[in-house]
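Hello,

Here is the structure you asked for. Please look through it first; my notes on what was found follow below.

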Amino acid sequence: MSVPETDRSVSGTDRPDALVTPVPRDPRDPEDADTGPVRLLAPDGRRLADDTYDPYIADLADTELYGLLRDMVIVRRLDEEATALQRQGELGLWASLRGQEAAQVGSARALRDDDMVFPSYREHGVAWCRGVDPLDVLSLFRGVNHGGWDADEHGFQDYSIVVGSQTLHATGYAMGVTRELAADGDGGLPVTVVYFGDGASSQGDVNEALNWAGVFEAPVVFFCQNNQWAISEPTRRQTRAPIFRRARGFGLPGVQVDGNDVLATLAVTRYALQAARRRCPVLVEAVTYRMGAHTTADDPSRYRHADELAGWSRRDPVQRMAAYLRGRGLLDDSRAADLDAEADALATTLREGCLRLPDPSPHSMFDHVYVHDTETPAAARDACEQAEPSGQPEPSGPGEPSGQAGPSADPAVVSPLLTVAAAPLHHTRKAI
Amino acid sequence: MPLTLTLAKALNAGLRASMEADPKVVVMGEDVGKLGGVFRITDGLQADFGEDRVIDTPLAESAIIGTAIGLAMRGFRPVCEIQFDGFVYPAFDQIVTQLAKMHYRTQGRVRLPVTVRIPFGGGIGAVEHHSESPEAYFCHTAGLKVVACSNPTDAHMMIRQAVAADDPVIFFEPKRRYWDKADVETGAPLSAATPLHVSRVVRTGDDATLVAYGPMVRTCLNAAEAMAVEGRELEVIDLRTLSPLDLSPVLASVRRTGRLVVVHEAPSNVSLSAEIAARVTEAAFYSLEAPVLRVTGYDTPYPPSRLEEHYLPDVDRVLDAVDRSFQY
Ligand SMILES: Cc1ncc(C[n+]2csc(CCOP(=O)(O)OP(=O)(O)O)c2C)c(N)n1
Ligand SMILES: [Mg+2]
C-alpha cells in the first residue's frame, strides 16, 4: 500500500533551524534543578507557555497541527490492526507502539528529508512519518523477511533487534557525514537520529556511542523513549539517575521532554537537530509509557499493576492533542469521524496486503549471504535442492517465545511417533 | 515419586534444588525475577529466595557475565540467563577472555563456577536473533565446559550438575522442546545421575548410528522410528556434553554399525559435526562402511521464520542422509 500525502517534515526543510539563532547547548541546563520535562500541552490539552521552546513551534500552521494528530491516529489504528493480525496467527509477533505515538510522530516530524533515522524495533510511527509502507514493517513481523524497505529512499534504516546496537551504527554514520559535508553549509548538516529505549541505555554499546559522538562531535541526536519498562523491568532497574542527565558526563546537552506531548516533542527535537546540525550531539529523553505488552508474546499482568496503566491513560498522547485541537477549533466531531474512517480504511488495506504477502521461496535463503557468490553457499544451495523439504514442519513450540508460558504455551503436539509408525515406506516420509 | 514435567518445569525444579542445596547459588539475568524469565524457567524463584538471590539485572549481557565473574571470585555460584541465543554476543568477550581463562591465568587460584544458561535453536517462528545455535563458538574455547540437554529428565539433573560444577559451564536449552513432557525424579541425589560429561545411547540399533544433541535428539528418535518401519534399526546417541566430547559410546556404536550420521541445527562449517567426523574417522577408520555424513542447518544466517522449516534438519533430511550412507 502506499502512504497517502505524508510529507515527511511538518514544515519546509529550512524553517525550524532558521527560526532561532543556533545555540549548541541545552537551553534548559539540567543542573538548573528539576524543572521537569519540557511540556507545552497539559494532559487536558491546555497549551502551556514556555519561553524557551515556544519559538521552536511558533511557525506551525493549522494544517500542520492537525497533521500531527492525523499521524498519531493513523499509527495507533495500524498498530491495533497489527496486534489483531498477530492474534489471528498472521504475524509471528508484534511490538506495539501504543502510548508512544507523540514521542514518535513529534520527533519524526521535526526531521528533514536528508536526515537519517536508526530505529529499534518499535518505531512504527517514525516509519510511517518517513513514508515507509506499513506493510513492509509487517513483513518482518510475519517472518517473510528480516526487513523490507530501502533505507536510503526513506532516510530510515532497518529495524535493529539487538538492543542498543544501532546507536553505534548511527554514530559512525554521522561521523561519515562530517567527512563529506561541512557543518557551516546552508542549514547545517543532515543529522542522524537514533531511537532506543530505557532498557537499552544500560548497554555498553549505547554509552560508547554517546561517548564517541561527543569525542568526534558527530551530528547525532540520541532519542531515548523512556517508556518506563524494558519487558518486565522498570526504568529504575536500569539506572539510578534520569537518563537525560547522563549526557552531561559525555559532554553533551541532555533534555527531558514529555513524550506524550507531541508539540513539546517536536519542539525539543527541533532544538536538538539544530544543535546537531552544527556538530553538537544531543541526548533527548522522551518520557512516555508503553501502554501495551512488551510484545504480543508478553503478559504484563505478571509484573505491573493495572492502575499504573489507568494513570497513564489520563495522559494519553492522542487524546491530549485532540483536546488541544478542539480547544482551538481545529477539530470537531465530524472531522474526528472522518479521520477515524481514514484510519480504518488504511487498516483494511494493511490487513488485505498482509494476507496476500507471499511466502519467500526456500532458495531465497541463500541469497545475499555474501556480495558475490562463493562456494560455501553454493554448496549449501545444492544440498538444499537435493533434500527437498517436506513442507510439514515438526511439531514444535508455539508461534512466539517470550511469555508463552501460560496454558496456551503448551503446543498441541501431535505425536510424530504415531504418525510415523502408521506410515508405510519411504515416499510417505514426506507426510510425517 | 517421579513427576511428569515439561522441560521448562524440570529446569525450574532443578534450579530450585540447586538454590536450596547451596546458599551461594544466585540466579541473574534480564527479566528472571518477577516475570520468571521470558520462558518462565526461573518462575517463582524470586518470590521464594528473594531479590538478593534472584536478580533482575539491567539490560547488559556483558555486565551480566562480568559481574557474575566478580560474584564467583567472592565465593558465589552465579547462574546467568541469556535471554536468547542471539544475545549472548555482547557477553562473548567476558566469556571467552575472562570466564574461560581466569583459572588458567591464576594457575588455579581462582575458580569460576558460573553457569550460563542459553535457550537455543529455532523452530518457534521467532524474529531474527531468536533461533540461533552458537554452541561451536564456545566449544572452541578451552576452559569452558559446554552441555546441551534434550529432554526433561536430563535437563533437571544436568542443570543441577552444571550449577554444582567447579568450572564455568555453558548450558544450552532446546527452546522448542521446552514444552516436551517426561517423568522427572526431582528428589534424586546428584550422585544417582549419569555424570554430566557423559554421552548416552537413547535408542539401540545395529544398522546405522545417529548422533545429535539438544533439539535434534527428538528429531533423530523420530527418524529412527520411521526407519524401524522399513526394517532398519538406527542407534541414536544423545551427546549431552559438547565440550569435552565423550565419543566412547559413539565409537562403540560405529564399530558395530559402520555408519554414522551427525545431526545439528547449527551450520556445518567448522561445527560440532566436523569435529566428530574428524575424530571418528581417526579412531574408527577401519570400522566405517561409509563416510561420516552430516545433516545440519545451512551455512547462511538463520533465515526469516517463514523459511525455517526448510532450514532446519527434519526427519526427511536425516533419513535421506541415512539412505546415502547405506548406498556406499
Ligand atoms: C542484546 C539484547 N538483549 C536482550 C534482548 C531481548 N529484549 C528485547 S527487547 C528488550 C527490552 C528492551 O527495553 P527498552 O530498551 O526499554 O525498549 P522497549 O522494548 O521498552 O521499547 C529485551 C531485553 C535483545 N533484543 N537484545
Ligand atoms: Mg522501554
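A polar side-chain atom of His294(A) is 3.4 Å from an oxygen atom of ligand 1, a polar contact, that is, a pair of N or O atoms within 3.5 Å. An oxygen atom of ligand 1 also lies 2.8 Å from a polar backbone atom of Gly199(A), and a nitrogen atom of the ligand is 3.0 Å from a polar backbone atom of Val163(A). On its own, ligand 1 exposes 580 Å², of which the protein buries 95% (Shrake-Rupley areas, 1.4 Å probe).

This is a predicted model, in which local features need pLDDT of at least 70 and side-chain atom pairs count only at pLDDT 80 or more, while totals for chains, interfaces and linings use all residues. Residues are numbered from 1 along each chain as its sequence is written, chains are lettered from A and ligands numbered from 1 in the order in which they are written, and side-chain values use heavy atoms, with hydrogens and water left out.

Where is ligand 1? Ligand 1 lies between chains A and B. Around ligand 1 there are 20 residues (a heavy atom within 4 Å), and the closest are Tyr121(A), Arg122(A), Ile161(A), Gly199(A) and Glu61(B). This shell holds 10 nonpolar, six polar and four charged residues (Asp, Glu, Lys and Arg count as charged; Gly is among the polar ones).

As for chain B, its C-alpha trace spans about 60 × 45 × 40 Å along its principal axes.

Regards

Note on methods. A polar contact is a pair of N or O atoms within 3.5 Å; within protein, one must be able to donate a hydrogen and the other to accept it, and residues adjacent in sequence count only if both atoms are side-chain atoms.
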